[in-house]
Amino acid sequence: MHLKKKSQKGVILLTRIIASMLNKVAQKYPEKVFLYEGERQVTFREFDKLTDKLANSLKNLDLKKGDHIGILALNQMEWLLTYFAANKIGVGVVALSPRFRENELTYMLNHSQAKAVVSISQFGDFSFADLFMKLKPKLSTVEKYIYIGEGFKDGISFQSLLDDQEEINIIDEKNQVEEDDLSLIIYTSGTTGKPKGVMITNKSILTAAQNQVEHFQVTENDVLIGNLPLNHVGGITCTIMVALLSGSSVVLIPFFDPDLVLETIDKYRVTILGAVPTMYLMMFSKDKFKKVNLDSLRLAIVGGSNLEPELAEKISKNIPNAKLMNLYGLSECSGACVLSNLTDRLEKVRDTLGVPIGDVKVKIVDQEGNSLPAGETGELVIKSDCVAKGYYRDEDKTKSTFTSDGWLYTGDIVTLHEDGYLSYKGRVQEMFIQGGFNVYPIEVENVLTKHPKIQMAAGFGVPDQFMGEIGRYYIVPKPGHSLTKEEVIDYCQEYLADYKVPRQIEIVDSLPLSPAGKILKSVLKQEYLEQTGLGNDQ
């Protein structure tokens with residue numbers, strides 16, 4: 001089934017099936033460059049053909065509709081070839097980060113029931129091929145290991161799948177894909193310590209991207225920079241899918257490097273930059289910032305964390321030709337759902353998240369779920385075709401977050417103003433955002449307490465001028481054991497993504513407990529605020 005919507009100038013009519021959408025764009029802009037990667041350029045038509053070939057090879061590996069395939073790679077061509085090829089035959093993609101290590105990869109691949117994995121064989125000094133060799137006995141459903149690059153002993157070469165000369169025959173598979181079929185699983189950390197697999201569909205991701213294209217008036221003349229991770233909605237939806245629906249181009253950056261981003265904006269005359277606050281601060285701190293020409297930028301978008309007024313002023317001053325924009329979104333709504341308006345003055349962007357976009361409806365509710373009038377503060381709840389279909393293999397969390405009539409409880413506290421703008425106030429739960437990445441302390445605590453010397457651990461996010469927030473953890477050693485902060489950090493680096501590793505550690509003799517034995521984090525946080533003076537009334 002295909003659904004078309006009216007488009008603004010420069011925006012292609014939307015079909016809510018990814019394979020059909022790519023084919024339509026390839027027909028309309030056959031020679032237009034879709035992706036730049038180093039010295040390589042790939043047009044929309046070339047990309048469509050390459051993904052047909054890869055889809056055929058995946059089919060020959062016995063991957064079929066309803067199966068899942070994991071992708072662990074940088075922001076590179078192979079990531080996107082795999083994603084679009086898998087979607088063409090109805091195979092859902094499990095997005096994995098090169099920052100992940102044993103704990104995260106074992107859980108996510110097993111929980112998602114992935115049948116195959118595509119991974120870079122090595123990154124720097126770290127061998128993912130060796131890691132997967134070690135993990136094989138623990139990965140109960142993975143049958144095929146496909147490696148990008150060289151240096152692996154047991155697996156399939158990604159390039160060999162593209163070199164396969166067998167006749168392409170995926171017409172039946174394409175015709176079986178429907179708009180509500182799973183496109184992507186993105187894992188977000190949960191308060192229970194177990195990540196939740198957000199089920200993003202063909203319809204939800206394309207709706208989110210279309211809403212953004214129309215709101216920002218993106219056209220085929222725009223050039224976006226792909227510096228946000230593809231395993232997050234900021235990279236795959238707000239960058240790649242936006243470019244697809246508008247016929248614009250993306251310059252891929254393998255991973256965020258402030259010097260490379262600045263050089264790329266200058267060289268390719270990038271018009272749209274999306275980044276988290278930390279990225280902007282890193283770019284502004286570089287000597288190269290004063291040497292490059294950023295006049296081509298028409299939009300400077302800030303997402304992933306609250307935009308501080310001081311940073312808003314700094315971006316506006318340092319990139320004067322670009323319109324500063326706020327972007328609010330989450331994996332559960334497949335991308336952006338609230339954005340600044342193109343006509344907003346700096347003060348409006350600085351003080352609000354923006355307004356709901358496209359088909360997004362919002363309401364503010366109290367703790368009992370009752371709707372609140374404008375001017376009140378409560379949890380933001382949204383309804384749109386961009387809302388994901390729930391959490392994979394987790395009915396309880398799905399029911400508590402996604403209602404049967406289509407509303408999504410975001411877990412974020414906002415104020416809805418009379419003019420329709422939203423102001424961000426905080427989070428319902430204790431998740432904090434470090435450098436644009438979501439971190440839930442309970443996940444880190446669960447790893448910490450597996451250490452043979454650690455008895456108890458408790459953590460929370462604290463303010464940091466550069467990262468926005470960082471993790472502060474209190475650790476009680478087991479009786480008779482001594483522990484150093486360096487030991488704790490080294491241990492965490494082995495089992496956790498680097499952005500989850502504690503930045504502040506306090507070794508203590510005990511933690512405050514409730515009568516039921518529950519650690520009272522509120523007491524710890526209050527003590528911290530009093531010690532630092534952050535708890536004083538303004």
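The following questions and answers walk through parts of a predicted model.

Student: What should I know about the model before reading its values?
Tutor: This is a predicted model, in which local features need pLDDT of at least 70 and side-chain atom pairs count only at pLDDT 80 or more, while totals for chains, interfaces and linings use all residues. Residues are numbered from 1 along each chain as its sequence is written, and side-chain values use heavy atoms, with hydrogens and water left out.

Student: In what order do the strands of the open sheet of seven strands stand?
Tutor: Strands here are DSSP runs of E with at least two residues, helices are runs of H or I with at least four, and both are numbered from the N terminus. Two strands pair if DSSP finds at least two bridges between them. The pairing in this open sheet is mixed, and its seven strands follow the order 9-8-5-3-4-10-11.

Student: Why is one side of strand 9 and of strand 11 left without a neighbour in the sheet?
Tutor: Strand 8 (residues 144–148) pairs with strand 9 in the parallel sense over two bridges, and Tyr147 stands opposite Ser157 in strand 9. Strand 9 (156–157) and strand 11 (196–201) stand at the edges, so one side of each is left without a neighbour in the sheet, each having a single partner strand.

Student: What angle does the direction of helix 4 make with that of strand 10?
Tutor: Helix 4 (residues 102–112) packs on the sheet and touches strand 3 (68–72), strand 4 (92–96), strand 5 (116–120) and strand 10 (182–188), where contact means heavy atoms within 4.5 Å. Axes are lines fitted to C-alpha atoms, for helices over the stretch in contact, and angles run from 0 to 180 degrees between N-to-C directions. On that basis the angle between helix 4 and strand 10 is about 145 degrees.

Student: Is Ser331 buried or exposed?
Tutor: Ser331 is found in the loop between strand 16 (323–330) and strand 17 (335–339), and, leaving aside residues up to four places away in sequence, it touches Ile186, Thr188, Val198, Ile200, Val233 and Ala388. Buried means under 20% relative accessible area, exposed over 50%, and partly exposed in between, with a 1.4 Å probe and protein chains only. Ser331 has 11% relative accessibility and therefore counts as buried.

Student: Which residue in the hairpin of strand 16 and strand 17 takes a positive phi?
Tutor: Strand 16 and strand 17 run antiparallel and are joined by four bridges, with Ala336 in strand 17 as the bridge partner of Gly329. Four residues lie between the strands of this hairpin, and the one with a positive phi, near 70 degrees, is Ser334.

Student: How many residues of strand 21 are buried?
Tutor: Strand 21 runs antiparallel to strand 20, and six bridges join them; the bridge partner of Lys383 in strand 21 is Trp407. Strand 21 (residues 407–416) is largely enclosed by the rest of the structure, because the number of its ten residues that are buried is eight.

Student: Where is Gln217, whose phi is positive?
Tutor: Most residues other than glycine have a negative phi. Gln217 has a positive value near 55 degrees, and with 48% relative accessibility it counts as partly exposed. Its place is in the loop between helix 8 (202–216) and strand 12 (223–226).
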